[in-house]
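Thanks for coming. I will go through one model today, starting with a strand and ending with confidence.

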Amino acid sequence: MFGERSFELVKDVERQMTGCVTGVPTYDENGVRQVLDEMQLLFDQNQKDYNRIGQKVNQNDVTENLDVTMNSSTSTGAQGEAAGVYLRHTALERNKDCLLAYMSTRLERIRDLRWIKGSVLPEADQNNMTEQELQYFTDYNKILANYMRDIGVDGDFDGLDLTEHMEPPKSHMVYFKVLKEYGEFEPEDGKIIVLRKNCVHHLPKYQCETLIRQGVIEILTE
Amino acid sequence: MLVKHLRKDFYELLFGKRVLIIANFDIDSVCTVKILTELLKIDGISFSLCPVDGITAMKQAYSDYRETVSVFVLINCGIALDIRAFFDNLKNKLVFVLDYHRPVHVNNFYDETNQIRILSLDDNFDEGLDSDDDGDDDDESEIMDMGDSEDEDGSRRRGRKRKRRNEHDRERRRAVWKEKRNELLFEYTQFCYYAPPSSLVALELSWAISRGDIQYVWWTTVALTDALLLEKLPRSEYVQKSTELSLHIAREASTTETPRDCLKVNFEKDLCFLLYRHWNLYDSIKMTPHSACMLKSWSLKGEGRFHEMLGELGLPQVECHRKYASMDVRCRKKVERAFSEPVLRDKYNFNDVTVGTFISEIGFRPAFSAFDSHLACLALLENPVLNGSGNVVDNFLDSLAALSKKQFDTLDRGIGMAKTHLTAMYNQVKEFLSMNVVTPRGGFLYVQMPEGSPNVCYFRNTSFLVFLAQFTQRAAVSHVRNRRWSTLPLVLCAPHLSGYWVIVGIKPLSLELPKNLFGKLFETLAIKMTDGAVLMDFLDPHIVLVHGDHKDKFIQLLEACMV
Amino acid sequence: MDISLNGGDDQGGPVDNEEDDDDDEPIVVTSAEVLQRLEHGWMNEKMSPELLPPLEQEKDAMLGQIKVMERNVTTLDKRDVRTDIHKLELERIKFVVVSYMRTRFFKVQRMSFTLYEAEMKRSRNQESILFKEEFTFLKNLVTRTADYFKATLISKMPPVLQKFEIKKFRVLPQFDAFVFFRVLQNQTVQVEVNDEILTIELEEGDLHFMRYEPIAHLLAGGAIHLSTLKANPPSRHHHHPHAANDDDKVNALKIREEQGALSSPQKISHHPQWLRKLEGTGGECPHLI
């Protein structure tokens, strides 16, 4: 039946999104191609039928408007073709909607990843995304960075990082252990500290959420 | 320089600065670090924490943070080293040393630039050093006076002759003074011993800045228990410090009814069997060094007597093998009274089984004695699974976590590991005695752990190694019943990592004061050996690493020294 | 010494100027009031399903204030207990501003195409409900997303369908969502319930739970403000007779506040560290807004 494959795509993406909350599922290259092929097939058939109807109907009555052609087709006995064209057109629209829904859900998740995982995505997620999606992600990062930088720029305030301060603060310092070698790091008070692997620090809360997202540090709860 | 006022001359200097805490790998440092970091966290002082397990690690930590940190706090490390020479480029930096190792290095005490400051609660710090100081000053001033009087002398010829004579005199006097100084220093540094735990200083600090809390007192009791168990302090001093801590407890405990989930600490008389509350009574009595040596429970005959004794006390074997918490209530009540029966003393020579210790209660959890907490933290600290560099930190953090009020699963895990450790230690001692490996060589008893032994992994770090050595010594002395053996010190040799062997020397059993001469001895012997054969990496001088090839030569030299 | 919001102990009083439409002279408002207004606006923004008009001046004032406070905080004596309290207060203000901007951001992102269409259709007199920066962001996002779809899918589709229809991407705000709100001025409102039009009296100080749509217009005028169930009542308490409404039919819940329910002054933090720190200095626990 028409539209089955695209419906499957949508169901799949729905299931995968709920199953894996913080990642991008694999891009179903085949599925999308199959749907597009189906659409092309439908369109070609429609084109043929449309022309046939046009031939059956008086040449002058053929207009761009499908409905008018349909109406005139009933009078000329091209009902079968007309119904077919209508059906296929609806199926085409449906396929388009499903495909758009599929891509758009993925896109939403990709945008969310910027907020969950930071501006550099891990390998696993990158492998699951297409070229264009990766490009979109980079551009989204840029757009977001520009926006954050521009906040309050009139009043001589150099931008606000919206990815920090995700939760109401309990204290202005944070006690953490370094998981990965990071190198030099400059907290608010300006004095540089070197974050070496497996060291424990108690420093002002500056950029700590970005570091947690990157997996560099781990908060110690004691 | 000695810091007299903890708040003004130490704590207030930490505000606004970046602090690095370098801590040694033992329970007292864990407790001190816990107290200190809690205080620093409340006050919002930025700090970094670096646990180290040896002198090389300490140097590495220093060079990593040299540029970025301006205040260093050394906990239980560094006081016996010449810090100025050891840490290069100390410009504009402050170093606070809170160390319970003694003796103190002279240069640290008499630091002219005031950059190296020692924190201690002792009023009369070290008489040895003081008298050295006097000698120093007097002679120096004498020399200066002589120099002055020279200048005032007018006549040239007379001056020159007197000058030459005075110079001679001066030279001679200087030589005499130097000799006297060296003698004093030698006497002072000959024996290494321990001062009361550094946690006491940290507790005083918390009191001085009026942020005292019952939790800090509890952590200090754990450190004090460490000093008792590993014989770092004589029993009398332990009792004295316990009384001091009881005063602290009385001060901190509020007069009104405390809610159930607050920590309550009491000083009570308790049975000395390690971990008996979390284990079964039978195993606990069998494996505690003190009771094991009295019963000689490693031998069949000893075990038989042990069963007999339990029978006489009216404690059925089934109950004793059951977990203590699931023992029959009547039996448990009997236990508390049973061990003070006179029949034990007369027939089985089993006495002195109670010790004054601190018991803590929180919420509806079973009571924890300071010994239990201490062993749990120690087992987590010296966890053999995560051995290797970089995991020093994880073990240290685990140990720190076990101390905190809310992390019960870490504490339970620690208790489990402590049981494994104690069992391994007991089995090792049993093996030593059954194979008669403890032999007197010259002036000391020598024990070597065979290389393929399955328990080797438990004894790679200092505390359990020393504990094993002490247990072995006690067991050997009671096993052989040779009175001379109790006057001999013991040297234990165990395989370590990468081809090295770790050698630890402890004082004779009959000696009351815990003065250990092996530190100086190992140092002098190390100079005689080839380079790289002996590594004095540990911060306790009576523990060294010797390369496998040179081990026998080292022992022979030691033997020759100690006749 | 009083702890003022202005960071430094010496700075006090008015910091912010607001232009009033009618007067020529600016009205001076204290920064505490600005923060209060921003907090209310933030709560409204969080609870409302649609994007509300922006609080330009409050936001700019607060950002400026943050900058001033940051500068002041570094000059404070490190040993004083109040330094840490100031630092925490600074963190809290930052959190409020960032959270406000973030709530708006996610709404803009979600309803991007709708808002874009609305902005394009907006006449010159009407005020935009977006900040300038938000509009730039919106434009960039919309164009980029449209480009993405065009490049990947639409260009591959048969010619008949190769049109980017913006109506397919519209996400509309959920006007039927239920919200809690507190009434600040006496009002009457017409609500349609089950094909009946009911008139509901909203009295000052009451807490209601209704659909958003009928009361949306009241939000703009400041007659009500959205809140959560546990929010503190305003300082004045009034006795009101129980309104005679047909409660079964009404879709609204009317919750009567007990007279004795006092609002607890908001302490800085219930974190035990703070309490211990203050105990140590023997000082009182100061109350901050």
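I call a residue buried when its relative accessible area is under 20%, exposed when over 50%, and partly exposed in between, with a 1.4 Å probe and protein chains only. This is a predicted model, so local features need pLDDT of at least 70, side-chain atom pairs count only at pLDDT 80 or more, and totals for chains, interfaces and linings use all residues. Residues are numbered from 1 along each chain as its sequence is written, chains are lettered from A in the order in which they are written, and side-chain values use heavy atoms, without hydrogens or water.

Of the 5 residues in β6(C), 4 are buried. What does it pair with, where pairing needs at least two DSSP bridges? Strand β3 of chain C, residues 178–183, runs antiparallel to β6(C), with 5 bridges.

Now confidence. pLDDT is the predictor's score for each residue, from 0 to 100. Chain C averages 71, and 70% of its residues score at least 70. Residues 1–23 of chain C are below 50, yet the stretch has 55 contacts beyond near neighbours in sequence, a contact being heavy atoms within 4.5 Å. For the complex, the predictor gives an ipTM of 0.83 and a pTM of 0.80.

Methods
Helices (H or I, at least four residues) and strands (E, at least two) are DSSP runs, numbered from the N terminus. Two strands pair if DSSP finds at least two bridges between them.
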